[in-house]
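Okay, thanks everyone, I'll keep this short. I'd like to talk about salt bridges today, so let me put the structure up.

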Amino acid sequence: DFCPRLLRSTIMLISKYVSEKAISFILVFLDDSKLLQVTIPSSPPVLAVLGGALTLPCLVSLAHPPPSPPSNGRYAVLSVPRIKWSVLSDSQETEILVARGDRVKVSEAYKDRATLLNYAHSPADLTLRLESLRQNDTGFYRCEVQQGLEDAHDMAQIVVKGVVFHYRDASSRYAFTFERAKEACREIGADIATPEQLLAAYHSGYEQCDAGWLSDLSVRYPIQRPREGCFGDMDGMPGVRNYGVVESDELYDVYCYVENIKGEVFPGPAPQRFTFWEAKAYCVSHGAELATTSQLYAAWNDGLDHCSPGWLADGSVRYPIVTPRERCGGGEPGVKTIYRYSNQTGFPEHLSQHDVYCFRSMKGSLQIKMCLTSSKER
């Protein structure tokens, strides 16, 4: 209360230089400032999915009703609330949109994606609608309202789940018919990706110069840096290359999609190395099983970073890198794959030795905790 009292005293001292109407206007705002409230009625974190849409409610209780009918007077303009949505990610705040009165300005990076869903007919409802979600839409969303001298805000954490990844047959490049491609994704615990999911992954920075099946019978691949052999149908422009809908018996790779895993992926004990069969036995001995490729991608998407190639359930050898470094697969993040041949085909021989990635389900983790608790009690 000290600051409002100090400001009130200051206003009185300068009152002889300011009109009585202006003084009254400022004092009303001081008296009613605590009436300005902003609320996002959501329990953090709010989970959303790649390529989907997010509806994030935000409700405001204004200190003063906006002038009706709208007026261009100086004080009337000040009483019209200013609304701002922004997102904080990696210690950087990015403006999404700003609104005042009947004007809404959407930032260039969010054009055609961000809208105030109900604002036009209900100014106290500042619900944000965000379409075509990307992985980099994860962050802390801030709904802020300024009215006169006061402002208020609320925040909510949004986590965008889901990752699109390229998958290739163990034998060779371009070996899947459409039906076999869908089956291959299912075998590793994933679904065949949709065009919307691949496009969202592309806008999140994903690149892969390999044509792959999608759920609509089309064949596409995402390119950020056009180069010889990766031009497709777009010449020198970045974007998702599209072969269109093709015959289902043609042969390509596939793009799979995984959203969530109910459990944890963990690596084996460095520097110990295993053959494929030894790797399976190690996981079983720890109440787990060999992780699938989709589980490793989901764990990478959730932050797993381990610079050691390890066995997976399909016989492939991969490792997840979140923070790129030269000795760990170069300058790009992602799940790195070890191929048997220099043309990036073939999984390693089962007798070769590598690290291992195991997966323990939530049920398995609970059973282990119960066993440990029981042992301590005994």
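Let's start with Asp253 and Arg168: they form a salt bridge, and their closest N and O atoms sit 3.1 Å apart. Keep in mind that this is a predicted model. What does the pair tie together? Asp253 lies in strand E17, residues 253-258, while Arg168 is in the loop between strand E12 (163-167) and helix H4 (178-187), so the bridge links parts that are 85 residues apart in sequence.

And are these two buried or exposed? Asp253 is buried, at 0% relative accessible area, and Arg168 counts as buried too, at 4%.

Next one: Glu207 with Arg227, again a salt bridge, with the closest N and O atoms 3.1 Å apart. Glu207 is in the loop between helix H5 (195-203) and strand E14 (212-213), and Arg227 is in the loop between strand E15 (218-223) and strand E16 (239-245), so this pair ties together parts 20 residues apart in sequence. Here Glu207 counts as buried at 17% relative accessibility, whereas Arg227, at 33%, is partly exposed.

Then there's Arg220, which bridges to Asp216, with 3.1 Å between the closest N and O atoms. Arg220 comes out as buried at 18%, and Asp216 as partly exposed at 31%.

Now, which residues end up in a network? Salt bridges with shared partners join Arg168, Arg173, Asp210 and Asp253 into one, so our opening pair, Asp253 and Arg168, belongs to that network by the salt-bridge rule. Overall, the count comes to 16 salt bridges.

Methods: Residues numbered from 1 in each chain as written. Predicted model: local features only at pLDDT ≥ 70, side-chain atom pairs only at ≥ 80, totals over all residues. Heavy atoms only, no water. Salt bridge = Lys/Arg side-chain N within 4 Å of Asp/Glu carboxyl O. Helix = DSSP H or I, 4+ residues; strand = E, 2+ residues; numbered from the N terminus. Buried < 20%, exposed > 50% of the residue type's maximum accessible area, 1.4 Å probe, protein only.
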